[in-house]
Amino acid sequence: MRKFEGYEHGINLGGWLSQCDHTKERYENFIKEDDVKKIASWGLDHVRIPVDYDLVETKDGEYIEYGFEIIDRAYAWCEKYGLNMILDLHKTFGFSFDFGENEVGFFENEDYQERFYCLWEKFAKRYAKGYDRMAFELLNEVTDKEYCDTWNRISTECIKRIRIFAPDKYIIIGGYYNNSIEALLDLAKPYDDKIVYTFHCYEPLIFTHQGAYWAPGMDPAFRMPLQTSYKEMGELSKKYLSQVTVGFDGFDQSASLGTEFFDKYFAKAVAVAEERNVPLYCGEYGVINLADAKDTLSWYEIISASYEKFKIGRSAWSYKEMDFGIIDAHMDEVRDALLKLL
């Protein structure tokens with residue numbers, strides 16, 4: 001399988017230019033140059049930067065130059081400290097993976113789709129030349145499977161338009177069920193040799209999202225150790241999760257999580273990537289800060305072994321806050337060991 005060179009060990013800068021209050025105060029102070037310098041000192045090779053359309057567009061579709069200048073500045077910091085950068089459109093007008101943002105209609109409305117194309121043309125024109133360390137990620141976490149065919153049409157058209165201005169940029173694409181591995185098989189065949197397939201991995205969800213207030217069906221008071229058996233994890237998943245999650249069939253039900261779980265799970269993605277000759281990239285993975293920190297470290301040890309086995313590039317969620325912050329106080333006792341696994 002082809003490696004995603006330069007994007008093998010990274011971290012997300014979530015909550016800076018996306019999933020935030022979109023104020024100048026946030027843009028100027030949540031992430032600063034010293035943060036990028038620190039990330040580079042950890043030995044990582046890239047950052048993934050989620051960006052909402054609100055940063056660069058008004059609700060009426062007028063472009064906001066100041067927002068583009070914030071992206072420019074982020075790139076300049078990355079270039080200064082030798083990091084690559086993924087520009088990830090986390091929310092577009094009419095669609096967000098977060099239903100609470102009330103963005104609707106994108107997959108049904110051609111005007112919204114045209115606005116999406118135009119924004120990516122704007123990005124492509126601005127960042128085609130002199131921005132060799134930047135890759136594009138078209139859209140974060142398509143939700144419903146019913147959007148699959150429409151998304152394949154939209155993403156293909158968008159790539160065609162980007163290629164007019166940026167013929168050599170890597171373009172990252174994921175699919176339904178929030179960038180699930182299952183969706184990779186149903187993605188459109190790669191448009192050219194600069195396409196990368198992406199997935200997200202928060203499995204087992206019952207562990208990584210224990211107590212998550214936003215997860216449908218989850219009890220905010222629920223906690224569980226990583227050493228819970230596969231059998232019990234399956235039972236707890238049925239009790240506390242109402243969304244799509246990976247099952248535990250085929251494993252010793254008395255055993256607890258090990259590399260065999262991720263080896264089996266990732267093998268499905270690797271098979272698609274090898275058959276289509278595309279690099280594979282996990283854009284998000286991590287554990288909620290409600291979990292025991294030592295258990296979190298163990299989870300990273302297990303999943304990282306499989307990433308290394310299959311040579312899958314990845315970017316942990318997330319650098320700071322966002323309920324998953326790696327620099328937050330909760331992770332103090334394990335951070336040094338964890339950073340070696342990213």
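**Helix packing around α5**

User: At what angle do α5 and α6 pack, and how far apart are their axes?

Analyst: Helix α5 (residues 110-127) and helix α6 (residues 148-165) pack at about 30 degrees, with axes 9 Å apart. Axes are lines fitted to C-alpha atoms over the stretch in contact, and angles run from 0 to 180 degrees between N-to-C directions. Helices are DSSP runs (H or I, at least four residues), numbered from the N terminus. This is a predicted model, where local features need pLDDT of at least 70 and side-chain atom pairs count only at pLDDT 80 or more. Residues are numbered from 1 along each chain.

User: Parallel or oblique, then?

Analyst: α5 and α6 are therefore roughly parallel. Angles under 35 degrees count as roughly parallel, over 145 as roughly antiparallel, 65 to 115 as roughly perpendicular and the rest as oblique.

User: Which residues make the contact?

Analyst: Contact means heavy atoms within 4.5 Å. From α5, they include Phe-116, Tyr-117 and Trp-120. From α6, they include Trp-151, Ile-154 and Phe-165.

User: New topic. How do the axes of α4 and α5 cross?

Analyst: The axes of α4 (residues 65-80) and α5 come within 12 Å and cross at roughly 50 degrees. α4 and α5 are therefore oblique to each other.

User: And which residues touch there?

Analyst: Glu-65, Phe-68, Glu-69, Ile-71 and Asp-72 of α4 meet Leu-119, Lys-122, Phe-123, Arg-126 and Tyr-127 of α5.

Notes:
Heavy atoms only, no water. Helix = DSSP H or I, 4+ residues; strand = E, 2+ residues; numbered from the N terminus.
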